[in-house]
Amino acid sequence: MRKQTPEELFQEQMFPHLDTLYRAAYSMTRNSQDADDLVQDTFVRAFQFIDKFHVGTNARAWLFRIMTNLFINRYRRAKREPEKTSFDEIEDFYLYNRLQDAYLSRTSESPEAAVMGKVQAEAIQDAISRLPDEYRDTVIMADLNELSYLEISEILEVPIGTVRSRLSRGRRLVQRAIWAFTEENPR
């Protein structure tokens, strides 16, 4: 049997995880452009070091480890730089345009119903985004990306018990935040 080329190995082992990586990157960055960049950089780095990948091991965990390290490095670098804001990107009539989009995409729903549906999803996203980093990353990997405790443990380089406790505490914090939201916003 002939040995696979790096390109074939990469295509076979790495590409099937593209969508999962993107969802995780989006959860980490909270921005589609940054998520695209993070996934692209992850794949570039993975291809550069494809010779370090051992066939038969967990490719998804290997990619997540690369992506997590890239994200952490970017986060640290960004902390050292002053924040930049572009006022050119601020859209006039932002809420009106979003209501219009929601109404046109779901003609059976009123704009108000579309907004109420989004508020709940946004409350959950907000609750997850407000978690401390170690809980947020664990909750995202376990609940949104369906990684196993072992995979999360390998990616974050922590014991499985730590993964379990972070996940438990993170889920409790999300539940409390959602409960507080529903108390503040009764229907």
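**A helix pair and its surroundings**

Helices α7 and α8 cross in a right-handed manner. The model is a predicted one. The points below begin with this crossing, continue with the loops, and end with an aromatic pair and a residue in another helix.

**The crossing of α7 and α8**

- Helix α7 spans residues 133–144 and helix α8 spans residues 149–156; their axes come within 10 Å and cross at roughly 145 degrees.
- On the α7 side, the residues that take part in the contact are Thr 138, Met 141 and Ala 142, and they meet Ile 152, Ile 155 and Leu 156 of α8.
- Sorted by class, this contact between α7 and α8 comprises five nonpolar residues, one polar residue and no charged residues.

**Two loop residues with positive phi**

- Glu 146 lies in the loop that joins α7 and α8.
- The phi angle of Glu 146 is positive, at about 55 degrees, although the residue is not a glycine.
- Glu 146 has a relative accessible area of 64%, and it is classed as exposed because this value is over 50%.
- Glu 157 is placed in the loop between α8 and α9, the latter covering residues 160–184.
- Glu 157, likewise a residue other than glycine, has a positive phi near 60 degrees.
- The relative accessible area of Glu 157 is 58%, so this residue is also exposed, the cut-off being over 50%.

**Aromatic pairs**

- In the pair formed by Phe 53 and Trp 62, the ring centres are 5.2 Å apart and the planes stand at 50 degrees, so the pair is described as tilted.
- Phe 53 is buried, because its relative accessible area of 5% is under 20%.

- Ser 165 belongs to helix α9.
- With a relative accessible area of 25%, Ser 165 is partly exposed.
- Ser 165 and Thr 138 are 27 residues apart along the chain, and their C-alpha atoms are separated by 9.8 Å.

Key:
Residues are numbered from 1 along each chain as its sequence is written. This is a predicted model: local features need pLDDT of at least 70, side-chain atom pairs count only at pLDDT 80 or more; totals for chains, interfaces and linings use all residues. Side-chain values use heavy atoms; hydrogens and water are left out. Axes are lines fitted to C-alpha atoms, for helices over the stretch in contact, and angles run from 0 to 180 degrees between N-to-C directions. Helices (H or I, at least four residues) and strands (E, at least two) are DSSP runs, numbered from the N terminus. A crossing is left-handed if the near helix is turned anticlockwise from the far one by less than a right angle, and right-handed if clockwise. Contact means heavy atoms within 4.5 Å. Ala, Val, Leu, Ile, Met, Phe, Trp, Tyr, Cys and Pro count as nonpolar, Asp, Glu, Lys and Arg as charged, and the others, Gly among them, as polar. Buried means under 20% relative accessible area, exposed over 50%, partly exposed in between (1.4 Å probe, protein chains only). Rings of Phe, Tyr and Trp (its six-membered ring) pair if their centres lie within 6.5 Å; planes under 30 degrees apart count as stacked, over 60 as edge-to-face and the rest as tilted.
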